[in-house]
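User: I am new to this structure. Please pick one part and look at it closely, then show me what lies around it and elsewhere in the chain.

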Amino acid sequence: PPRPAPPPTQERLDSNSGILSPLYDPSLSLLLLFTRGSNSVLAYEYTSATSTLHPIGRFSQGEEGTVSCCLVPKAALDVMEVEVDRTARMTDKGIEGIGWKVPRRDKSKFAAEVFKDVPKWVESCTGEEWLEGKTVTVEMTSLDPSSSSSSSSSEVKGEEEDSKPPPPSPSPTASPSSRPSSQRFNNMASKFRHVYGAAKPKQNWYYNLQTNVSVMDGSLLAVGGGLWAAPWKGGGGKVYVGAVGEEGKVSATPDLLNTGHTKAVTCLAFGGGDGRTLATGSDDCNVSLSELEPRTGKSMGEPLILRGHRNGVRGIDWHPTVNGCFATFGMDQSVKIWDAGEGKEIQSVDEVHKEYINDVSWNYVGSLLATGSRDKLARIIDPRAGSVAGSWKAHDGARGCRVEWCGRPADREGVILTTGNGVAGERQVRLWDPRNVSKPVAAKNLDNGNGVLFSMWDECTGLVWVAGRGDRTVRYFDVNYDDVKPGEWDCTLCHEFGFEGDPTVGIWPLPRSTWKVGEVQVGGFLRLSKGECQEGSFFLPRNNDLKGYFQDDVYSSFRDPSRNSSVTPTSWLAGEDPEIEHVSLDDGSLPKLSERVVTRTVRSKTKAFREEIDKAEEEEKQKNQMFEKMQAMAVTHEKWHPNKSMGGGLGGGTKPQDTAPKKAHVDCQPIYDSSDDDGWSDSD
């Protein structure tokens with residue numbers, strides 16, 4: 001038989017006996033070699049034209065040896081960080097991700113020269129059709145988040161033809177007036193970019209809790225009216241209610257609130273204007289309302305049970321401008337509006353959602369509802385008409401999305417922030433204009449975590465706080481649309497803060513009345529974990545001279561639900577809208593920062609230069625005086641020294657002949673002890 005042809009190129013690696021696992025990316029000509037049982041990775045660039053291998057380097061990952069490895073799909077790459085590839089390496093202890101990035105100084109633009117088009121995640125043909133030799137068209141797409149979904153195509157046949165990647169299409173250049181959505185999350189210079197967090201020490205935690213963490217993905221914590229509440233372990237719908245500020249160890253047998261549920265509580269929220277009405281939902285399909293005492297949190301009577309859902313209740317959201325009105329959603333795929341005062345259901349939106357509902361959120365005036373569902377769609381619902389005003393695909397992940405409607409007095413329509421997952425499982429945050437939901441106005445991939453993201457909007461500062469169930473970190477974004485036209489909003493990731501303790505199972509913002517305005521506090525939260533609850537505060541650094549003023553550039557007016565009591569839920573449903581009253585954190589004790597008078601002293605450049613010269617001369621004069629003083633002390637005559645030999649070696653005189661070496665000896669003039677006390681005694 002003929003001898004096989006020699007390989008085009010060969011490379012001697014090392015003497016390791018482990019099996020090599022090659023991973024090749026044809027779009028980058030990147031060859032990665034993993035060795036089974038080793039933690040090292042060899043990277044090469046393969047040039048097909050000359051059949052040569054160019055070594056890039058050897059990299060080590062972790063301490064455990066590799067068992068198996070694979071390439072992660074391109075859709076999971078963080079292209080704005082110029083991540084060109086991502087590999088997953090399995091070891092005996094778990095799976096580790098390795099990101100391969102190209103250094104770039106300017107990361108605000110998509111690196112079109114690095115990333116080529118990739119095939120779309122669509123089915124082109126079946127396996128039987130491919131075996132029969134059917135010619136199909138593979139749709140290609142760009143990894144640029146601001147480009148359209150499809151960019152080019154190429155033909156692929158069966159065994160007779162080889163697939164050839166299409167030439168890369170140039171990426172469109174973004175003008176300043178229409179920046180790509182992925183860039184607008186980091187392009188704005190936010191005044192909150194230096195906000196820092198401070199968590200209370202462990203001795204000031206609420207600990208020894210027995211929280212029921214076996215329920216669904218919703219937040220298991222609620223704060224309102226100076227109280228906080230969380231579901232408790234055990235039979236029925238028991239809930240623990242504590243006072244905010246009374247930290248310490250919780251009794252092993254505390255007084256629990258009887259909500260009247262027969263199954264575990266799955267969601268809860270404070271409302272009712274004064275914030276002392278606790279609404280809870282459960283797997284028994286019922287909603288319970290409990291009136292609580294302001295300081296002790298004890299029930300003021302029997303709970304009111306509301307029946308209407310056909311399956312478990314999963315979320316509660318109180319109306320922002322109408323007291324006693326709230327919305328609930330459940331696994332029966334319906335949204336219901338309730339009148340807490342009358343204890344009845346006043347509206348139900350059914351047969352709209354095709355899958356379970358994940359979240360609901362009211363708009364600024366309370367006339368519309370935004371919902372996120374597991375069917376990957378976000379919807380805008382008119383609760384009065386019981387119909388859908390609009391819907392769009394928010395995220396591609398199988399879990400669907402959650403929603404947060406962000407509105408302020410300057411723009412009551414606001415924007416809608418959604419959180420969800422991408423195709424490859426990466427967690428995402430997107431910002432949508434409710435007037436035009438054809439594409440997001442801002443988008444950002446956060447990480448590859450598995451927990452559900454909770455988003456909390458603060459209209460007073462314009463910050464959105466995002467925390468994940470199972471995480472320990474809180475991220476905060478600055479949503480700014482005061483000085484730009486609709487559709488051109490910015491959403492900047494300011495920073496993130498990490499808590500101590502167990503992973504998060506619930507988080508809720510503290511009332512603004514607890515903020516330390518004099519220290520420029522911009523947020524405060526209670527974070528619930530499996531066995532403890534801790535408080536965290538966030539502050540904006542300001543000069544001490546500025547802390548004597550009210551920061552009206554930071555704090556804006558906000559709605560006060562306790563003052564919006566002129567409209568009942570029934571009249572609101574009939575079309576009557578309440579007058580929204582706004583309040584401010586300014587109590588009048590501090591002057592406003594905007595009214596601060598700044599006095600500037602103009603100094604002559606010549607005078608300032610002369611002062612610097614005089615200061616330098618004065619410092620030099622002081623140094624010289626100190627040096628002369630020390631020198632004088634060092635050359636003091638030997639008659640002032642009891643040891644004239646100075647320890648021997650050199651003479652103690654100041655004349656040149658006295659510096660000759662002498663024999664080491666003890667004092668030349670020793671001091672002898674005398675028994676003569678000159679009339680003194682020890683008793684004197």
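Analyst: Start with E617. Its relative accessibility is 48%, so E617 counts as partly exposed. The cut-off for exposed is over 50%. Keep in mind that this is a predicted model.

What does E617 pair with? E617 forms a salt bridge with R610, and the closest N and O atoms are 3.9 Å apart. R610 is partly exposed too, with a relative accessible area of 41%. R610 also forms a salt bridge with D614. There the closest N and O atoms are 3.0 Å apart. D614 is partly exposed, at 38% relative accessibility.

Why do D614 and R610 sit about one helical turn apart? They are four residues apart in helix α3, which spans residues 605–634, so about one turn separates them. Side chains of opposite charge can pair when their charged atoms come close.

The UniProt annotation "coiled-coil region", from an unreviewed entry, covers residues 606–633. Over residues 606–633 the model is 100% helix and 0% strand. The end C-alpha atoms of that stretch are 41 Å apart.

Now step back. The protein chain has three helices and 44 strands. Buried residues make up 44% of its 684 residues. Take contacts between residues at least 6 apart in sequence: 51% of them join residues at least 24 apart.

Salt bridges occur elsewhere as well. The search of the whole structure finds 23 of them. One joins E247 to K200, with the closest N and O atoms 2.7 Å apart. What does this pair tie together? E247 lies in the loop between β15 (238–243) and β16 (248–249), and K200 in the loop between β11 (196–199) and β12 (206–207), so the bridge links parts that are 47 residues apart in sequence. E247 is partly exposed, at 27% relative accessibility. K200 is partly exposed as well, at 30%.

Strand β14 (residues 227–231) runs antiparallel to β15, and five bridges join the two. P231 has V239 in β15 as its bridge partner.

Next, strand β24, residues 335–339. Are its residues buried or exposed? Five of its five residues are buried, and the strand is mostly covered. Both faces are covered. V335, I337 and D339 are buried on one side, and K336 and W338 on the other.

Strand β24 has partners. Five bridges join it to β23 (residues 325–330), and the two run antiparallel. A327 stands opposite I337 in β24. β23 and β24 form a hairpin with four residues between them. In that turn, Q333 has a positive phi of about 65°. Five bridges also join β24 to β25 (residues 344–349), again antiparallel. K336 stands opposite S348 in β25. β24 and β25 form a hairpin with four residues between them. In this turn, G343 has a positive phi of about 70°.

Which residues touch the most other members of the largest nonpolar core? They are W465, V522, F538, Y555 and L585, in a core of 28 residues. β35 gives the most, with three residues. Apart from this core lies another, of 20 residues, including C69, M80, A111 and V118.

Look at L585 in more detail. Leaving aside neighbours within four places in sequence, L585 is in contact with C460, R512, W515, V517, F550, Y555 and F558.

E459 sits in the loop between β34 and β35. E459 is buried, with a relative accessible area of 5%. Its side chain makes a polar contact of 2.7 Å with that of R559. With neighbours within four places in sequence left aside, the contacts of E459 include Y364, G407, R408, R512 and F558.

Conventions
Residues are numbered from 1 along each chain as its sequence is written. This is a predicted model: local features need pLDDT of at least 70, side-chain atom pairs count only at pLDDT 80 or more; totals for chains, interfaces and linings use all residues. Side-chain values use heavy atoms; hydrogens and water are left out. A salt bridge is a side-chain nitrogen of Lys or Arg within 4 Å of a carboxyl oxygen of Asp or Glu. Buried means under 20% relative accessible area, exposed over 50%, partly exposed in between (1.4 Å probe, protein chains only). UniProt positions are given in the numbering used here, feature names are shortened, and annotations may be inferred rather than shown by experiment. Two strands pair if DSSP finds at least two bridges between them. A nonpolar core is a set of buried Ala, Val, Leu, Ile, Met, Phe, Trp, Tyr and Cys residues joined through side-chain atoms within 4.5 Å. Contact means heavy atoms within 4.5 Å. A polar contact is a pair of N or O atoms within 3.5 Å; within protein, one must be able to donate a hydrogen and the other to accept it, and residues adjacent in sequence count only if both atoms are side-chain atoms.
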